[in-house]
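Work through the exercises below with the structure open. Try each task before reading its solution.

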Amino acid sequence: VPSFIAFGIVIAGSELWISYSLIELADPAFLAEYTAVFMMLIGARGLVGPLLGVGLLRIGLSQGYLLLLGSVLTASASLVLFPAIAFQNAKAKPRR
């Protein structure tokens, strides 16, 4: 049970972080459009992800490799988003 609690906290935190990134990085004039595309991609991920995961398990990929693959993808997305958010914040707040 504690692993499910930890998983829920991690998922909630990542969703909040992704939503925050969207708001920070989007041009205010296009925020509604970016949010609509983001929500559509979240829905597509929810439809395709489980089917892809089951398919990869059925062809013989172990759960450990799937976990490693998900971790690598999450880490690479973080490496892309951190500099983008930092650049946006630096641009918005000029130094004195």
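**Exercise 1.** What is the volume of the largest pocket, and which elements give two or more residues to its lining?

Solution. This is a predicted model.
- Step 1: the largest pocket has a volume of about 1,200 Å³.
- Step 2: helix 1 (2–25), helix 2 and helix 3 each give two or more residues to its lining.
- Step 3: among these contributors, helix 3 gives the most, with twelve residues.

**Exercise 2.** Describe the lining of the largest pocket by residue and by class.

Solution.
- Step 1: 27 residues line the largest pocket.
- Step 2: those nearest its centre are Ile11, Arg45, Gly70, Leu73 and Thr74.
- Step 3: sorted by class, the lining holds 17 nonpolar, eight polar and two charged residues.

**Exercise 3.** Which residues line the second largest pocket, and which helix gives the most to that lining?

Solution.
- Step 1: the volume of the second largest pocket is about 150 Å³.
- Step 2: its lining consists of Ile18, Tyr34, Phe38, Leu41, Ile42 and Arg45.
- Step 3: helix 2 supplies five residues, the most of any element.
- Step 4: five of the lining residues are nonpolar, none is polar and one is charged.

**Exercise 4.** Which helix has the lowest mean pLDDT, and which the highest?

Solution.
- Step 1: for the protein chain, the mean pLDDT is 84, and 90% of the residues reach 70 or more.
- Step 2: helix 3 (residues 63–92) has the lowest mean among the elements, 81.
- Step 3: helix 2 (residues 31–58) has the highest, 89.
- Step 4: where pLDDT is low, predicted coordinates should not be read in detail.

Key. Residues numbered from 1 in each chain as written. Predicted model: local features only at pLDDT ≥ 70, side-chain atom pairs only at ≥ 80, totals over all residues. Heavy atoms only, no water. pLDDT = per-residue confidence, 0-100. Helix = DSSP H or I, 4+ residues; strand = E, 2+ residues; numbered from the N terminus. 1 Å grid on protein atoms, 1.4 Å probe; cavity = no way out; pocket = protein on both sides within 12 Å on 5 of 7 lines; lining within 4 Å. Points joined across faces, edges and corners; volume = space filled by probe spheres on them. Nonpolar A, V, L, I, M, F, W, Y, C, P; charged D, E, K, R; others polar.
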